[in-house]
Every structure is written in structure tokens, then in C-alpha cells.
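Please open the structure in your viewer and keep the selection tool at hand.

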Amino acid sequence: MLAHRLSRQGISTIAVDTRTRHEIETTHRAGILESGSVDMLVRGGVSDRILRDGYEHHGVELRYGGHGHRIDFTEHVGSSVWLYPQTDVFIDLADARERDGGDVRFGVTDTEVLDPYTERPAIRFIDDAGEEWTVRAKIVVGADGSRSMCRNLIPAETVTRYFHEYPFAWFGILCEAPMSAPELIYAHSDRGFALISQRTDSVQRMYFQCDPNENPDDWSEDRIWSELQARVAGDGFALTTGPVFEKVVLKFRSFVQEPMRHGRLVLAGDAAHTVPPTGAKGLNLALSDVRILSDVLARFLESGDERILATYEPTALRRVWRSQNFSYWMTQMLHLAPGGDPFAVKRQLGELETVTGTRQGQAYLANAYTGWPREEGL
Ligand code: DHB
């Protein structure tokens, strides 16, 4: 996305990725895009496929105590989200780069950043044909994910790392089945959290809270379905079931590294911050980083004024910490801490009641979930 946006402003880029295109296209990740993320894809000229193949959601259901409570995004904040898998976002971006003649190298090895503290940093890598390259640039952006190597190049004495660990994980499945509900369901139950999400009319994505050391092989289809069904029971609601063709355990953590830049080396996305999956902020936050960064880089490269580079981090961090708070907040409101503290559960139900039962609570969730308006300088 960053390369696409920079190329639209006449700036040449080269993007390298250690994974192959096939690997990225077949790794299932999140599925919800904020309206601002959709604008970046559609109005930004990447693709309008989302408008045909995606599903616009005008609300979400919170379920607790055996009842569903819908929060209407359009009514409260005049906004919506789109169900459109991250793999499709990637396919659209890769196709757009190809269409525009962009230079993207997949499946590279031995990547190394050279001279990161100079005005001419470089990357060295070996391409998928075994040829070694050194590319010098004005800027190197480490958008290299949660296992970032670039983040470790920022001098340790300037770095602060903020962590929060959670005592649970998500068990995620993909299955062949019709949709169980028109919108997503986030469920609190006395057996723990569950999320009923979707992919298409015939493929569904669902998750339930589990132990971080859970082994997917211990879970038969029957066991998965009875656990999911038990967590969303009530109001006569029944999941539509079908063959499960993927099982994964997703680890939870909150993480931010500051600063997000040192000289000409800049971090974006998960390289600088990770959120727990509840609320689907990870991809949206990465897109927000590159929206801010592409404008900053274009202005910097035009003027050569280094002070412009310094404006990226403070703007990006405002949304990062709002999203950190939102993801943490959704997580703590919906998951059961191991050990079963009855006070904690009753308190959560009080919070859910306040969120779903008041206009202010609904509006708070709607505004955060759909992504705070970009115009607010975020
Ligand atoms: C999905 C993942 C999330 O973390 C979330 O909050 C909503 C949806 C998904 O994969 O569909």
C-alpha cells in the first residue's frame, strides 16, 4: 500500500518480502476493514473489487447472558465496516503494483539493512533466482511485521518497548457452511469468549477463547461445534455448521515500540505495534500508518526538510494508542480470566450492559470499531 501510494506521487520504490506471493495469498488473517481502509483501497485506485465481493456491515452484535444486543454503526456514527479478508486486500495490492509496473520482489532471502544511520541507507538481499542485490535509497521502511528485524536496528538506548501479555489465546477455524447471522457476533459466556465471523456465503470464520498451549489436533469437529454452540446459546440461536478445513491457535499480546523512526529508517504496522485480535484493528492500523507516512515522505522528498520526517510518529502514535486501548478494552470486557473470579464476571456484565444499554456506550463502540474519522488529525 505504501509503494502504491508513493508511486501515485511520482516516487519510485522497491518492495522486498521474504515470503512468496503464494504464501501470503494463502495465509488467513483478519477480515474486517474500517471505512477509512476501504476508502484507501477504492478511492486510492487500488481496486474496487471490495465493493463487489465484500460485505458492508452496518452493525455488530454483542451477546451475553444468552441474549444478543445489536449496535448500529450507521445510526450512531454514520459509518460502517466491510467484511473483506486480508488475503484479498493483499491480492488487490499485488495486482495493482503489477498493473502499475511496480517493483516488488517476493521470496527473497538474506535481507540486510546497510548504513541505517546515514542519508543513503540500503538493503541487500538475494532474489528468488539466487542473484544478490544492493539497493540504495533515501528512506528504508521496515514494514516487516511482528517479527521485524528493522525494529532491532533502532539504537537500543533510544528505544522503549511496551508489552502486555494475556493469559489466553484464540482457537480459529475456517469452515464450509452458510452464514449463521447477517453480522458479526462477539459473545461473552460462562465458558469464555466466542466470535462468529464470516468470509463468504459458503465459507465462515469463527474463533473461541482457549488456553495458549491448546493443541488444534485435540479438537475434533464435534468438539469444536459443541463448544462454539454452547458459547453463543440463547434466544433459540443455532450456528449453521459444516466441515472445518483450518484450525489455528492465535497468540495474544499488546506491544508498541517507540520511537517508530530513527533517521532514515522508519517502522510501519506490526513492526512497531501489535494488538490482540479482538476488534480487528491490526491491519487497519497498518494501513493508517502508511496513509500518514506516504504523505510525510512525499513532502519530505519534495522539500528535503528533515523536520517533516519527524511529523510521522506523533500522528501515527495517536491512532496506535487509541487502537491499543480499544483492542485491550474489547478483550478484557469479553474474555474470562483463568481462575474464574465471580466478581470479575459480574463486573464484565455490568460493563456490557452499560455499552449496549446506553446511547453513549453504543456510540463509543461504534466510533472506535468503524475507525475514528481521519479528519480528526489521526
Ligand atoms: C475477524 C477477526 C477479528 O479479530 C475480529 O475482531 C473480527 C473479525 C475475522 O477474522 O473475521
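A residue is called buried if 20 or more other C-beta atoms lie within 10 Å of its own, exposed if 12 or fewer do, and partly exposed in between, with the C-beta atoms placed from the backbone. Select Asp-235: this residue is exposed because 10 other C-beta atoms lie within 10 Å. Asp-235 is found in the loop between helix 7 (221-232) and strand 17 (244-250). Helices (H or I, at least four residues) and strands (E, at least two) are DSSP runs, numbered from the N terminus.

The model is a predicted one, in which local features need pLDDT of at least 70 and side-chain atom pairs count only at pLDDT 80 or more, while totals for chains, interfaces and linings use all residues. Residues are numbered from 1 along each chain as its sequence is written.

**The whole chain**

Display the complete chain. Its C-alpha trace spans about 60 × 40 × 40 Å along the principal axes, and the chain contains twelve helices and 21 strands. For 378 residues, a compact globule would have a radius of gyration near 21 Å, and the chain agrees with its 21 Å. This radius is taken over C-alpha atoms, and the globule rule is 2.2 Å times the number of residues to the power 0.38. Of the 378 residues, 37% are buried.

Two residues are in contact if their C-beta atoms, placed from the backbone, lie within 7 Å. Among contacts with a separation of 6 or more, 70% join residues 24 or more positions apart.

**The two domains**

Next, colour residues 2-56, 84-163 and 253-335 as domain 1, and residues 169-250 as domain 2. These bounds come from an automatic or database domain assignment. The C-alpha centres of domain 1 and domain 2 lie 30 Å apart. How many residues of domain 1 are in contact with domain 2? Six residues of domain 1 are in contact with twelve residues of domain 2. The side of domain 1 that touches domain 2 consists of three nonpolar residues, three polar and no charged. Here Ala, Val, Leu, Ile, Met, Phe, Trp, Tyr, Cys and Pro count as nonpolar, Asp, Glu, Lys and Arg as charged, and the others, Gly among them, as polar.

Select residues 35-42, which form helix 3. Within helix 3, Gly-36, Ser-37, Val-38, Met-40 and Leu-41 are buried.

Asp-295 is partly exposed, because 17 other C-beta atoms lie within 10 Å.

**Helix 9**

Move to Leu-309, in helix 9 (residues 306-309). Leu-309 is partly exposed, because 19 other C-beta atoms lie within 10 Å. Leaving aside residues up to four places away in sequence, Leu-309 touches Arg-261, Val-296 and Phe-300. The C-alpha atoms of Leu-309 and Leu-297, twelve residues apart along the chain, are separated by 6.9 Å.

**Backbone exceptions**

Most residues other than glycine have a negative phi, and most peptide bonds are trans. Return to Asp-235, which is not a glycine and yet has a positive phi of about 60°. Asp-110 likewise has a positive phi of about 55° without being a glycine. Asp-110 lies in strand 8 (residues 109-114) and counts as exposed, because it has 10 C-beta neighbours inside 10 Å. For the peptide bond, select Glu-258 and Pro-259: the bond from Glu-258 to Pro-259 is cis, with omega near 0°. Pro-259 lies in the loop between strand 18 (253-258) and strand 19 (261-262).

**Strand 8**

Select Thr-111, which is also placed in strand 8. Thr-111 is partly exposed, because 16 other C-beta atoms lie within 10 Å. Apart from residues up to four places away in sequence, Thr-111 touches Val-16, Thr-18, Ile-123 and Phe-125.

**A pair of helices**

Finally, select helix 11 (residues 342-357) and helix 12 (residues 359-370), whose axes come within 5 Å and cross at roughly 90°. Helix 11 is therefore roughly perpendicular to helix 12. Axes are lines fitted to C-alpha atoms, for helices over the stretch in contact, and angles run from 0 to 180 degrees between N-to-C directions. Angles under 35 degrees count as roughly parallel, over 145 as roughly antiparallel, 65 to 115 as roughly perpendicular and the rest as oblique. Which residues make the contact of helix 11 and helix 12? Thr-354, Val-355, Thr-356 and Gly-357 of helix 11 meet Gly-361, Gln-362 and Leu-365 of helix 12. The residues of this contact are two nonpolar, five polar and no charged.
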